[in-house]
Structures are given as structure tokens and as C-alpha cells.
Amino acid sequence: MTTTPIELEISTKTRREVPVRRLATAGLSAALVGIAAVEAYAALVKAAGVPMKAGFLGATHATSVTSGSFAAGVLVCTFWGTVLAVLVGKLSRRPKWAFLTATCALAALSLIVPLGAGATGTSTKLALAGAHIIVALVDIPILARALPRGTEVRSG
């Protein structure tokens, strides 16, 4: 019995061209659209008479939730979402799928904060959870569209 050696060419320097500018532009767009959507939602919630006073996890007293609070939250989350998109774009063989999986899980985890808010009424908790969901529904698709879909990898 004879054996024939098989030669495999394996590149350890595989890298993906990540559309950083496109992701940065998508992040800016997502932030602006997310802020507009959540501010409109907040106005409707306030008009419906939901008290916008909430405490953090385990808090014993609540403070007012302002429009600036919503905007700041959207900016912070969109910034980190954009950073995650760039990293996933560089490291994943299926960046769009990986990004959608990670961000949907993170959005679900983010609901712990409003639903677990101390010294906060149920209607406020639900309204704040709704804001998290709205921002996720706006931001995640905008950022995901800027990512490459499949396994196109360039060696170099």
C-alpha cells in the first residue's frame, strides 16, 4: 500500500475588506433615525400620561427621564453597535448573520434594565422597554445593510 502526500495551501493571513466608511455613515444615519423615532415615541408616551420617572436597577427612588436621556442612550448604543459591526465585519465569515445574531441578543438583554428598574411604575417600565425595541428595530437593520453578506474573503 502506498500513500500519496496531499498538499494543502492554508493561508493564516486571511482578512476581509471592511467598508468602514459605509459603516460609519450607516451608524450616523441609524443614530439620527433612531433618535427621531424614539423621540416621537416618547412624545406619544408622555401624551398618553405615562409618568416618565424611573430608577436604575435596584434603585429606591426615581428620577425624570428626559428627551436628552433618550437621545444619549441612542447615541451610545449606536456607537457601540457600529464598533461591533466593524469588528464582526473583519472577523466573521458571515458578518451580516453574526451581527444580526449578536445585536438581537444584546437588544433582548437590554430589556433587563427598563423591566428591572427600581422605584418605577409598570407603565413606565413597559414604555421604556418599548423604546429599546423601537431603537433596535431601527438601528440594527440600517447597520446590517452596510455589512457584506457572505464569505467573500481576500487573502493577502
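User: Thr103 lies in helix α3. Why does Thr103 count as buried?

Analyst: In this predicted model, the relative accessibility of Thr103 is 8%. Buried means under 20%, so Thr103 counts as buried.

User: Which residues does Thr103 touch, not counting residues up to four places away in sequence?

Analyst: They are Leu84 and Ile140. Contact means heavy atoms within 4.5 Å.

User: Thr82 is in helix α2, residues 67-91. Is Thr82 buried or exposed, and how do you know?

Analyst: Its relative accessibility is 13%. Buried is under 20% and exposed is over 50%, so Thr82 is buried. Its side chain also has a polar atom 2.8 Å from the backbone oxygen of Thr78. Beyond four places in sequence, Thr82 touches Leu23, Ala24, Gly27 and Leu143.

User: How do you know that the reach of α2 is close to the expected value?

Analyst: Helix α2 has 25 residues, and from its first C-alpha to its last it reaches 36 Å. At 1.5 Å a residue, 36 Å is expected. The expected span uses one less than the number of residues, so the value found for α2 is close to that expected.

User: Which residues of α2 are buried, and which elements do they pack against?

Analyst: The buried residues are Phe70, Ala71, Val74, Thr78, Gly81, Thr82, Ala85, Val86, Val88 and Gly89. They pack against α1, α3 and α5.

User: What is the reach of α1, and what would be expected?

Analyst: Helix α1 covers residues 20-47, which is 28 residues, and reaches 40 Å between its first and last C-alpha. The expectation at 1.5 Å a residue is 40 Å. Among its buried residues are Leu23, Ala26, Gly27, Ala30, Ala31 and Gly34. The buried residues of α1 pack against α2 and α5, the latter being residues 122-145. Gly49 follows α1 and has a positive phi, near 90 degrees.

User: Why does Asp139 count as buried?

Analyst: Asp139 is found in helix α5. With 6% relative accessibility against a limit of under 20%, Asp139 therefore counts as buried.

User: What makes the pairing of the Asp139 and Thr78 side chains a polar contact?

Analyst: The two side chains are 2.4 Å apart at this contact. The limit is within 3.5 Å, so the pair passes the distance test. Thr78 is also one of the residues that Asp139 touches, along with Ala30, Ala31, Gly34 and Val74, when residues up to four places away in sequence are not counted.

User: How far apart are Asp139 and Ile35 in sequence and in space?

Analyst: They are 104 residues apart in sequence and 9.8 Å apart C-alpha to C-alpha. Val138, also in helix α5, is 100 residues from Val38 in sequence and 9.5 Å from it in space, C-alpha to C-alpha. Beyond its neighbours within four places, Val138 is in contact with Ala30, Val33, Gly34 and Ala37.

User: Why is Ala119 called partly exposed?

Analyst: Ala119 lies in the loop between α4 and α5. Its relative accessibility is 41%. Buried would be under 20% and exposed over 50%, so Ala119 falls in between and is partly exposed.

User: What is the phi of Ala119?

Analyst: It is near 55 degrees, which is positive although the residue is not glycine. Most residues other than glycine have a negative phi.

User: What makes the nonpolar surface patch?

Analyst: Phe56, Leu57, Leu106, Leu109, Ile112 and Val113 make it, with an area of about 580 Å². The elements giving two or more residues are α3 (95-110) and α4 (112-115).

User: What is the secondary structure of the chain?

Analyst: It comes to five helices and four strands, in the order β-α-β-β-α-α-α-α-β. Of the 156 residues, 37% count as buried.

How values were computed. Residues numbered from 1 in each chain as written. Predicted model: local features only at pLDDT ≥ 70, side-chain atom pairs only at ≥ 80, totals over all residues. Heavy atoms only, no water. Buried < 20%, exposed > 50% of the residue type's maximum accessible area, 1.4 Å probe, protein only. Polar contact = N/O pair within 3.5 Å; in protein donor to acceptor, adjacent residues only side chain to side chain. Patch = residues over 30% accessible without salt bridge, like charges linked within 9 Å, V, L, I, M, F, W, Y side chains within 5 Å. Areas by Shrake-Rupley, 256 points an atom, 1.4 Å probe, with all protein chains shown as cover. Salt bridge = Lys/Arg side-chain N within 4 Å of Asp/Glu carboxyl O.
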